[in-house]
Amino acid sequence: MKIHIKTYGCQMNERDSEAVGAMLTEAGHTLVAEENAADVLLFNTCSVRDAAERKAKGKIGYMRKLKQHRPDLIIGVMGCMAQRLGDRLLAELPHLDFVLGTGQTHRAPEIIAQIAADRVRLAETAAAPEEIDMLGAHGRNSWSAQIAITRGCNRFCSYCIVPYVRGREVSRSRESILAEARELAAAGVREILLLGQNVAAYGLNGDIRPPTPDHSPFAELLEALNEIPGLERIRYTSPYVSYFNERLISALVRCRKVCHNIHLPLQSGSDRILKAMNRQYTAADYRNKVAELRRAIPELTFSTDVIVGFPGESEDDFRMTRDLMNEVGFEQAYIFKYSPRPGAKSASLEDTVSEEEKLRRNNLLLADLQERIGRKLAGLVGTTQEVLCEGVSSRNIGRWTGRTGTNFVVHFEPDASVRPGALRQVRITRAGGVSLFGELL
Ligand code: 5AD
Ligand code: SF4
C-alpha cells in the first residue's frame, strides 16, 4: 500500500515517523509524499500544547471529505495525542480507523494489515516501554541521523504532559546505541543527533537526583561515540541543567566530535516560578552552570526553551526571565505561551495571565532575541568556520547551506567537489538576519 506519514511536534516524533516509515517499507509498503496518492494516512501527533492538538485534529477532521470519495482510505493517529485521548478520538472522529499509543507504535505494520483485511476500528494505547528503536530502522541516503537514547520522562515538571503520554524514563542499552551509530556511520552518516526528553540522564535508571560529580553514563556514551570512524559530529537534545557535572563537562572538552552548542531549557528566570514548575534548580544554579560550561569551552553557544505566562507569573517574574535571557545571551530560544494541559499538575492552577499579556511577553522576548542574534552574527563576519555541508539552499538554488558546530546556518556558493555531509572551511563574509553568508576556502 501507499502510505503518507504527517508529523507534528518535536524531534522525537520525527524520529518515530522515520522508524515507523522504515518498518512499513520493510513490510512491503511504499511511502508517498502526497496525501492524495496514499491508501493510508498516518498522523504522528503532539500534545505538548493545546494548539498542537487542535492543529492535528483540524487536519484529521478535514480528511473526512477525502474519505467520502475514497471509502477504502485508512486513517490512523499515533504519537502523544493518540496516547492521551485514545478511543475518545475514535468517538470524536468517525472516519478515523485506528489510534496507536506511544508504547504501541512498533505495531503499526501489523495493525494496518489487520484493518485492511477486516475493516475494524482500533485504539491500542496500553502503556508499554516504547519499542520503536529497531536497530537500523532509518530512512536511507542521508548524511545526518537521529538516534533516540532515552525515552519517557520522570521529572514531572508541573506544566508538562510528557511523563503521562510518553511514560517513565527508560535508557536504551549502550550496545544497541553504539551498534546503530556504527551502522549509520558505515552507511555514510556524518552527523548524529542523540534524542531524549532528558538525554543527559542517560543510564541513571530513572533516578531524578543529579549524579555525583564523577558519575555520568551520558559522558561515557559520548566518549564511545566519539571513537566511531566516519562520524564527524555528535549533537544531543535536550539535557536538563542539573546533569552537567564535572565528569560530563570534561567529556565535552575532550570529545572533538561533540558539537559546541547546548540546548538547555530554562523555562523561567524566577525562582518562585521555577519552584511552581517543579524545576529543580534556581536561576543562580542555571547562571553558574552556564558560566562553568563557558569557562571550559569558550566558544559554546546556547539555545533554550522558555514559557511565558505560567500561572501566577507577575511582571517582576517575567522581568527576571528577560534579564536572565539577556545576561546568558542565548544564540537561539524557543518561547512558548503557557497552555494548561489537562492531566498535568499545573492544570489545577488558575491560568492568571491573559492571552494578550502572554503575547506581549512573548513578543518582548522575541524582539530581544532578534536583536541579539543580529549582533552575534555580525560578530562572526571575517572569521573562518568549519561547516558541515547540507545541500542546496531552500531559498536560493544557486547556494548551498551548512551549519557550524556552534549551530549557525551558513549559506555559500558551492564548488565542484562539495557534497552533503562534507566538512569544509568557510570564510564568513556577511551576516543576514538569522544566518551567515560566506565563501568556501
Ligand atoms: N505550555 C507551554 N509550553 C510548554 N512546554 C511544555 N509544556 C508546555 C505547556 N503546558 C514547552 C517547554 C518545553 C518545550 C518542549 O515545550 O518549554 O521545554
Ligand atoms: Fe516535560 Fe520536564 Fe520531562 Fe522536559 S523534563 S519532558 S519539560 S517533564
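Tyr240 and Tyr243 are both buried (under 20% relative accessible area; exposed is over 50%, partly exposed in between, with a 1.4 Å probe and protein chains only). The model is predicted, and local features need pLDDT of at least 70, while side-chain atom pairs count only at pLDDT 80 or more. Residues are numbered from 1 along each chain.

**Exercise 1.** Find how many aromatic pairs the whole structure holds, and classify Phe156 with Tyr164.

Step 1. Rings of Phe, Tyr and Trp (its six-membered ring) pair if their centres lie within 6.5 Å; planes under 30 degrees apart are stacked, over 60 edge-to-face, the rest tilted.
Step 2. The search of the whole structure gives seven aromatic pairs.
Step 3. Phe156 and Tyr164 are 5.4 Å apart centre to centre with 80° between the planes, hence edge-to-face.
Step 4. Phe156 is partly exposed at 26% relative accessibility, and Tyr164 is partly exposed at 37%.

**Exercise 2.** Describe the surroundings of the Tyr240 ring.

Step 1. Ring pairs join Tyr240, Tyr243, Tyr281, Tyr286 and Phe330 into a cluster.
Step 2. Arg155 lies over the face of Tyr240, 3.6 Å from the ring centre (CZ of Arg or NZ of Lys within 6 Å of the centre and within 35 degrees of the ring normal).

**Exercise 3.** List polar contacts of ligand 1 (N or O atoms within 3.5 Å).

Step 1. A polar side-chain atom of Asp305 lies 2.7 Å from a ligand 1 oxygen; for Arg49, the corresponding distance to an oxygen is 2.9 Å.
Step 2. Tyr159 places a backbone N or O atom 3.0 Å from a nitrogen of ligand 1.

Conventions. Chains are lettered from A and ligands numbered from 1 in the order in which they are written. Side-chain values use heavy atoms; hydrogens and water are left out. A polar contact is a pair of N or O atoms within 3.5 Å; within protein, one must be able to donate a hydrogen and the other to accept it, and residues adjacent in sequence count only if both atoms are side-chain atoms.
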